[in-house]
Amino acid sequence: MEHRIGDTRIIRLIQKWLKAGVLEEGQRLDTLEGTPQSAVISPLLANIYLHYVYDLWVHAWRKRNATGDLVVVRYADDTIVGFQHRSDADGFLNDLKERLTRFSLTLHPEKTRLLEFGRFAARRRAKRGEGKPETFDFLGFTHICGTKRNGQGFQLRRKTQRKRRMAKLTAVVEELRGRRHQTIREQGQWLGAVLKGYCAYFAVPTNIASLRAMRHHIKVRWRMALQQRSQRQSMGWRRTERLADRYLPQPSILHPWPQQRFLVKHSR
């Protein structure tokens with residue numbers, strides 16, 4: 001950071017932040033390495049560190065070693081690298097392990113893998129007598145080699161990662177238990193805001209079925225919560241549907257494909 005920041009006061013502040021220590025069971029422990037867990041400075045320092053350790057190195061590796069196309073996507077410490085040729089993928093993985101070792105970093109053994117993916121993956125695996133192409137999870141989505149609606153041509157399909165969906169649904173159920181004293185209107189407004197925020201991230205093409213399923217599960221859990229708090233009045237499906245139509249928004253695609261999102265229309 002001293003290469004880019006000339007203010008020594010900022011450097012000292014960051015050094016103090018790193019040496020502040022942590023509290024475990026009421027006792028303060030010194031931090032000898034790494035950044036504080038869940039501290040707001042941690043992702044910033046991690047991105048700066050990985051910019052020099054990973055990003056610039058990948059850019060140089062592409063120019064020096066790659067024999068085909070190479071695409072890199074990195075978000076914090078999660079990264080996906082796509083190669084045109086299998087030989088480039090094997091060489092990159094070996095060189096990356098050596099590179100990270102020099103900087104006291106390692107690849108996650110369970111999350112790091114090579115897989116055949118893309119528009120030709122299904123055809124090539126079928127010729128070899130293998131099954132469907134493998135899928136991978138990245139940033140909360142499961143990425144799948146699929147086809148278009150008419151069955152012709154390759155299409156990248158994304159759906160909400162099951163672990164993320166179940167975790168969110170569990171959190172909604174727990175929060176509903178603490179909101180039993182609220183009116184139906186207050187609960188509905190809160191659930192509508194939750195579903196709207198959920199769709200703001202996951203509303204991508206090919207994921208509409210998963211979003212509708214999420215809305216249905218929230219509606220079912222809300223009905224169960226309303227039935228549990230009242231022994232006199234039954235919450236039938238007809239009334240539940242009316243409440244859902246009033247407070248729970250219908251999912252729609254908010255993030256279209258790039259060619260549609262960047263399409264510029266002008267009177268000329």
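A nonpolar core is taken here as a set of buried Ala, Val, Leu, Ile, Met, Phe, Trp, Tyr and Cys residues joined through side-chain atoms within 4.5 Å, where buried means under 20% relative accessible area, exposed over 50% and partly exposed in between (1.4 Å probe, protein chains only). The model is predicted, so to speak of local features requires pLDDT of at least 70 and side-chain atom pairs count only at pLDDT 80 or more, while totals for chains, interfaces and linings use all residues. Residues are numbered from 1 along each chain as its sequence is written, and side-chain values use heavy atoms, with hydrogens and water left out.

The largest nonpolar core has 25 residues, and Leu-176, Leu-191, Ile-218, Trp-222 and Leu-243 have the most contacts inside it. Two or more residues each come from helices H5 (162–178), H6 (184–202), H7 (208–229) and H8 (237–247) (helices are DSSP runs of H or I, at least four residues, numbered from the N terminus). H6 is the top contributor to this core, with 8 residues. Another core, apart from this one, has 10 residues, including Trp-57 and Leu-70.

On the charged side, the count comes to 12 salt bridges, each a side-chain nitrogen of Lys or Arg within 4 Å of a carboxyl oxygen of Asp or Glu. In helix H3, Asp-90 and Arg-86 sit 4 residues apart, about one turn, and pair with closest N and O atoms 3.1 Å apart. Asp-90 is partly exposed at 30%, whereas Arg-86 is exposed at 58%. Glu-116, Arg-125, Arg-128 and Glu-130 form a salt-bridge network. Asp-88, also placed in H3 (residues 86–102), is buried yet has no salt bridge; Arg-62, the nearest side chain of opposite charge, is 9.5 Å away.

Methods. Lys, Arg positive; Asp, Glu negative; His and termini not counted.
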